[in-house]
Amino acid sequence: MNNKRLFILLGLLILSILMLAGCGEDTGGDTEEQSDADSDSAGEADLPEEITMSTYDVGSGGYTQLSAISDTIMSEYGTQIHMIPNDSGLARLEPLRDGNADFGGRVADEVYFAFEGIEEFATPEWGPQDLQYMYPILNHFGLLVLDDSEYETFDDLEGARVPHIIGNPSVNIKIVGLLAAAGLTMDDVEVVEVTSYTDQPEMVAQGEIDVAGIVPSAATVQEADELHGMRWMDHSILEDDEALEALHEIYPFGVADETDIGGALTEGEPEHLLGYTSYAPAAYSDTDPDLVYNWLVALDETFDDYSQATADMFVWDVEESQPEPLGVPIHEGGVRFFEEQGMWNEEYEEQNNQLIERQEQLQEAWDVVTEEAEEQGLSDDEFTEYWLERKEELVDDVE
């Protein structure tokens, strides 16, 4: 009985070994095939295990877009992406300055303000920052009125009630720039202090202001158009070189462009609006250029996977990017990427070098002014005024 039981156990053991060997061979084959498949699906971008980026606040279009991009890149490359959302320019750049974020995933005109040391950055705590754009992408902004408004062109706006959004210099500078294109200033209009950027279209409808300065993708533009009937003013003046030059004196990122995507627009019938390139990824100049370059490669490689996440995701297509350096230099990693795409040229290189030289001048001027301010015992408010005055004297304009 014991021998019979022993033979049975030995037989079962041999059978188990044979089955395991067979499974091992099959698994080995599957693993090799899977490894080949993984190799084929992996892109050329070489990303770190983790990336932290500063973004616009939760619920914004920029945050929604970056969430889709992050999900795609995490799935494709295994990189863990952490987003730090904030609702103000200062708060979005602070993590970059303090080393808590690798770069800004999509930040805006605060990059220009910080680069120049103006607006909320004209304080002893900040001053000019050595920031650079990684990947300028085209966005749209315009002046919106009611369908039956008397205002057709910017020239008509003399005496009109024009908004000034409290705490939103990014919008205000665009409005001032568009007025400048028509030879007007804020002294030529009736300035209305507005506390909410998104409420502007409804304020136009209610007769509180005559015109709204806003992006066509804002949900409130679509809502106001459906309820009241809205239209965009004629922005074709921006096709004129002199008008565009006047705009650039105020806001260097503006370009003449057309779009048919957004509220108060009809698909297939593009209209002239202000194109601008300052709502884009940015980083400090000493950020690893390999990180910047590989992030852009990853954006390009995975574009088809996230391109349908929102209606305006097309702006991330490399063919829609705007590599010309305007107002702020392009980062070394971005230059490398655009060179490989065949989108960089000698003119851009010269413009970029001029802007890098301007940043050096700004830093030198800042050192002079902070020393002078300390010697004079200036208060913070006095310092801001003094810095802005001295900056004009010490820093050459970019030609």
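Trainee: How many bridges join β4 to strand β12?

Mentor: This is a predicted model. Strand β12 covers residues 280-284. β4 and β12 run antiparallel. The bridges that join them number 3.

Trainee: In what order do the strands of the open sheet lie?

Mentor: The sheet has 5 strands, with mixed pairing. The edge strands, β2 (80-86) and β4 (131-133), each pair on one side only. On average, neighbouring strands are turned by 30° against each other, direction ignored. The order is β2-β1-β3-β12-β4.

Trainee: Which helix packs on the sheet?

Mentor: The helix covers residues 289-301. It touches β1 (50-56), β2 and β3 (103-107). Its direction makes about 75° with that of β1. The helix is α9.

Trainee: Which residue stands opposite valine 107 in β12?

Mentor: β3 and β12 pair over 2 bridges, in the antiparallel sense. Valine 107 falls within β3, residues 103-107. Opposite valine 107 stands alanine 280.

Trainee: How many residues of β12 are buried?

Mentor: Buried means under 20% relative accessible area. In the sheet order, β12 sits between β3 and β4. The strand is mostly covered. The number of buried residues is 5 of 5.

Methods
Residues are numbered from 1 along each chain as its sequence is written. This is a predicted model: local features need pLDDT of at least 70, side-chain atom pairs count only at pLDDT 80 or more; totals for chains, interfaces and linings use all residues. Side-chain values use heavy atoms; hydrogens and water are left out. Two strands pair if DSSP finds at least two bridges between them. Helices (H or I, at least four residues) and strands (E, at least two) are DSSP runs, numbered from the N terminus. Axes are lines fitted to C-alpha atoms, for helices over the stretch in contact, and angles run from 0 to 180 degrees between N-to-C directions. Contact means heavy atoms within 4.5 Å. Buried means under 20% relative accessible area, exposed over 50%, partly exposed in between (1.4 Å probe, protein chains only).
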